[in-house]
Amino acid sequence: NYSVVVSNDFGSVESGALKILIPATNLTNGLVAWWKFDGNTIDSSGNNLNGTNYGASLTSNRKGELNKAYSFNNDYIAVANSNLLNFNDTFSISLWVFAINFISNDWQEFVMKGAVSYQSRQYHIRPEKNTGKLQLIFYESGTTFGGTSYSALVNNQWSHVVGTLEN
């Protein structure tokens with residue numbers, strides 16, 4: 001059981017106590033890929049979607065554990081093209097991110113499927129250029145759709161980012 005109390009920015013309570021019951025769930029049901037970054041870019045889902053590191057450096061994760069995350073500076077980790085990564089139905093992408101400057105005049109893709117040119121992309125999740133607001137964008141048959149968050153990601157702290165598409 002978890003207890004949650006909601007308050008505003010001034011600390012005054014706006015709701016009563018709330019109890020949330022979370023049933024046991026098999027989190028691997030429908031899992032396509034899972035990169036734990038345990039010192040490598042191996043896919044732990046069993047689908048063999050292993051990544052190839054192109055210059056990213058191992059660093060500490062949000063819990064302070066060494067070699068459990070990657071730091072990027074114009075680097076990337078690539079995964080070979082797979083039909084498993086072609087999402088045509090409901091799906092979610094979840095990751096933890098830490099950035100020094102989310103509000104940048106450069107695009108900073110967290111996850112991208114397809115080529116760099118927009119004509120060849122299928123989807124991406126990233127902070128919006130110049131605002132730092134989170135974007136989840138899909139491209140299909142010349143149509144672009146998706147959404148942008150209301151608020152910007154916060155610099156110099158870990159953020160849990162989740163994008164979901166429901167068809």
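Predicted model: local features only at pLDDT ≥ 70, side-chain atom pairs only at ≥ 80, totals over all residues.
Residues are numbered from 1 along each chain as its sequence is written, and side-chain values use heavy atoms, with hydrogens and water left out.

The protein chain contains 0 helices and 12 strands; helices (H or I, at least four residues) and strands (E, at least two) are DSSP runs, numbered from the N terminus. Read from the N terminus, the order of elements is β-β-β-β-β-β-β-β-β-β-β-β. The chain has 167 residues, of which 22% count as buried; buried means under 20% relative accessible area, exposed over 50%, and partly exposed in between, with a 1.4 Å probe and protein chains only. Among contacts between residues at least 6 apart in sequence, 40% join residues at least 24 apart, where contact means heavy atoms within 4.5 Å.

In soluble globular proteins, nonpolar side chains tend to be buried together. The largest nonpolar core of this model has 17 residues, and those with the most contacts inside it are Ile93, Leu95, Ile125, Phe138 and Val161. A nonpolar core is a set of buried Ala, Val, Leu, Ile, Met, Phe, Trp, Tyr and Cys residues joined through side-chain atoms within 4.5 Å. Two or more residues of this core are given by each of strand 7 (91-97), strand 9, strand 10 and strand 12 (159-165). Strand 7 provides the largest share, 4 residues. Beyond residues up to four places away in sequence, valine 161 touches Ile93, Ser94, Leu95, Val97, Ile125, Leu134 and Leu153.

Serine 159 also lies in strand 12. This serine 159 counts as buried because its relative accessibility is 10%. Apart from neighbours within four places in sequence, serine 159 is in contact with Leu95, Trp96, Val97, Leu153 and Val154.

In strand 9, histidine 124 is buried, with a relative accessible area of 0%. Histidine 124 and tyrosine 139 are 15 residues apart along the chain, and their C-alpha atoms are separated by 9.0 Å. The loop between strand 9 and strand 10 holds glycine 132, which counts as buried at 0% relative accessibility. Glycine 132 and leucine 153 stand 21 residues apart in sequence, yet their C-alpha atoms are 5.6 Å apart in space. With neighbours within four places in sequence set aside, the contacts of glycine 132 are Phe102, Ile103, Pro127, Ala152 and Leu153.

The second largest pocket has a volume of about 240 Å³. It is lined by 13 residues, those closest to its centre being Phe87, Asn88, Gln122, Tyr139 and Glu140. A pocket is defined on a 1 Å grid over the protein atoms alone, as an open set of points where a 1.4 Å probe fits, with protein on both sides within 12 Å along at least five of seven lines; lining residues have an atom within 4 Å of a point. Grid points are joined across faces, edges and corners, and the volume is the space filled by probe spheres set on the points. Strand 9 (121-127) and strand 10 (133-140) each supply at least two lining residues, and the largest share, 3 residues, comes from strand 10. The lining divides into 8 nonpolar, 4 polar and 1 charged residues; Ala, Val, Leu, Ile, Met, Phe, Trp, Tyr, Cys and Pro count as nonpolar, Asp, Glu, Lys and Arg as charged, and the others, Gly among them, as polar.

Most residues other than glycine have a negative phi. Asparagine 48, although not a glycine, has a positive phi of about 60°. This residue is located in the loop between strand 2 (18-20) and strand 3 (51-54), and asparagine 48 counts as exposed at 59% relative accessibility. Asparagine 156 likewise has a positive phi of about 60° and is found in the loop between strand 11 (143-152) and strand 12.

Serine 57 belongs to strand 4 (residues 57-59) and is partly exposed, with a relative accessible area of 40%. Excluding residues up to four places away in sequence, serine 57 touches Ala69, Tyr70 and Ser71.
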